[in-house]
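Keep the 3D view open beside you and follow along as we go.

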Amino acid sequence: MEKDKFTIKDLNLFYGDFQALKKISMHIPEKEITAFIGPSGCGKSTLLKSLNRMNDLVEGCKITGTLLLDGEPINQMKNVNLLRKRVGMVFQKPNPFPMSIYDNVAYGPRTHGIRKKSELDAIVEDSLKKAAIWDETKDRLKKSALGMSGGQQQRLCIARALAVQPEVLLMDEPTSALDPISTTKIEDLALELKNQYTIVMVTHNMQQAARISDKTAFFLLGEMVEMNDTETIFSKPQDKRTDDYITGRFG
Amino acid sequence: MARQAYQEQLLKLNGELIEMGDLCEEAMSLVMKALREKDEEIAVSVHKIEQKIDQKERDIETMCMTLLLRQQPVSGDLRSISSALRMIADMERIGDQTADIADVSRHLTDFQLEVHPKIFHMGKIASKMVNDSVNAFVRKDDKLAAEVIATDDQVDRLFEEIKMELMEEIAKNPNSSGSELDVLMIAKYMERIGDHAVNLGEWVHYYVYGEKVEDKD
């Protein structure tokens, strides 16, 4: 039976007076890919960021309700860095640090106190391999990451996220800035990684959600309209609003 | 390889089609045995295989729908999946027709009527046509598919011959039990199986070239 990685119940999120998330309740299963879909401003990225408390950085942000990681309340965790080590994130636009490929991947482990070169070498190699970019980088590890293509940079960012041995990868539209071939590589990678990690992905690309996710949740105006197995959402959604959105008849 | 999971699913679809083709062949071989040995038990077991064929059709249909929904196939992949969807409908009909022959064969058991030897010849040819057309699909072999389509003339010719001979027999013995009509029905079902195999071949052609086979009539 599938185990929940995140349990969310009656979650409300406010940016000042504006309520961005309304009474969200859902279960995100472990070692599966869960996709969040919905039009811009529906709250999907806000919810994603709540999963590793990226919203803490937003002034005036207030959260009520229950948000658990492996049964533990996320908003009561004392060590946010530890939470973000467990729940890594990859953003829409690849954002490598202006340093070498090696240092990008070693950055996280160094922050967490690993100094020994042999250990760092092993982590860098392992992470780049897991992110399916080792063959393209092994001979240029000391070169700047900024010289890589967009697709390579995004896989490097995934390698960087993997280097601190997370349990969850949050992906916020990870392929929207990439060409179709790079997109395919990231999708293949996500399918490979779900054997070891829980993946939660925000995507504007519904076909992408259909291709790779196990579960899909549809959001609209801060509400979660419907969540189900991806095949069910795309073949017989329960709510007319979901149907209208996925068939392009929305609005 | 890019989109490996998708490629694996397409290969699995081929495997399932081969299994469905094998079931059709098994049903045909069994129904021939039932006719040859006039064994009602065997005729009953044809129905069990026919049920397996129906189940296989549902499984493959679900697989194709999932592929269409999740992978949004285009080009040859789209043709392959849409051809597979049509082919399983033809194979399902082949299953039905073998079951129909099995039902008719039970009357023959009652009457102990000799089955026309040409029917076995028809069955052998039609069975090979089904097997070849599925292989042609899996190998994208349009030449083999064209051979299947051409072979149907032999089946049609045998049907006409059987029909004429049975008509002569009825004319000679107007008071016969009417079992000649049962034999004619069997021949007709065989002829229809040949037609379904032709359809299979035509779907292979569509898969390979993206166009339908032009009607020879």
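In this predicted model, start with two helices of chain B: α4, residues 117-139, and α6, residues 179-209. Their axes come within 9 Å and cross at roughly 15 degrees. Angles under 35 degrees count as roughly parallel, so that is what α4(B) and α6(B) are to each other. The crossing is left-handed. Sort the residues of this contact by class and you get 17 nonpolar, 4 polar and 1 charged.

Now turn to another partner of α4(B). Helix α1 of chain B covers residues 4-37, and its axis comes within 9 Å of the α4(B) axis, with a crossing of roughly 175 degrees. These two helices are therefore roughly antiparallel. Which residues meet here? On the α1(B) side they include B:L17, B:I18, B:C24, B:M28 and B:L35, while the α4(B) side brings B:F120, B:A126, B:V130, B:V134 and B:F137 among others. The contact of α1(B) with α4(B) has 13 nonpolar, 5 polar and 3 charged residues.

| Helix pair | Axes come within | Crossing angle |
|---|---|---|
| α4(B) and α6(B) | 9 Å | roughly 15 degrees |
| α1(B) and α4(B) | 9 Å | roughly 175 degrees |

B:H205 sits in helix α6 of chain B. Is B:H205 buried or exposed? Its relative accessibility is 15%, and since buried means under 20%, B:H205 counts as buried. Setting aside neighbours within four places in sequence, B:H205 touches B:D142, B:G210, B:E211, B:K212 and B:V213.

The other one, B:Q9, belongs to helix α1 of chain B. With a relative accessible area of 33%, B:Q9 is partly exposed. Again leaving out neighbours within four places in sequence, B:Q9 is in contact with B:L67 and B:Q71.

Let's go across it strand by strand. β2(A), residues 18-29, pairs with β1(A) over 8 bridges, and within that pairing A:I8 has A:M26 as its bridge partner. β1(A) and β2(A) form a hairpin with 2 residues between them, and A:G16 in the turn has a positive phi of about 65 degrees.

On to β4(A), residues 61-69: 8 bridges join it to β1(A), residues 4-15. One pair to look for is A:T7 with A:L68 in β4(A).

In β5(A), A:E72 is the bridge partner of A:L69, and A:P73 is the bridge partner of A:L68. The hairpin of β4(A) and β5(A) has 2 residues between the strands, and A:D70 there takes a positive phi near 50 degrees.

Key
Residues numbered from 1 in each chain as written. Chains lettered and ligands numbered in written order. Predicted model: local features only at pLDDT ≥ 70, side-chain atom pairs only at ≥ 80, totals over all residues. Heavy atoms only, no water. Axes fitted to C-alpha atoms, helices over the stretch in contact; angles between N-to-C directions. Helix = DSSP H or I, 4+ residues; strand = E, 2+ residues; numbered from the N terminus. Parallel < 35°, antiparallel > 145°, perpendicular 65-115°, else oblique. Left-handed = near helix turned anticlockwise from the far one by under 90°. Nonpolar A, V, L, I, M, F, W, Y, C, P; charged D, E, K, R; others polar. Buried < 20%, exposed > 50% of the residue type's maximum accessible area, 1.4 Å probe, protein only. Contact = heavy atoms within 4.5 Å. Pairing = 2+ DSSP bridges.
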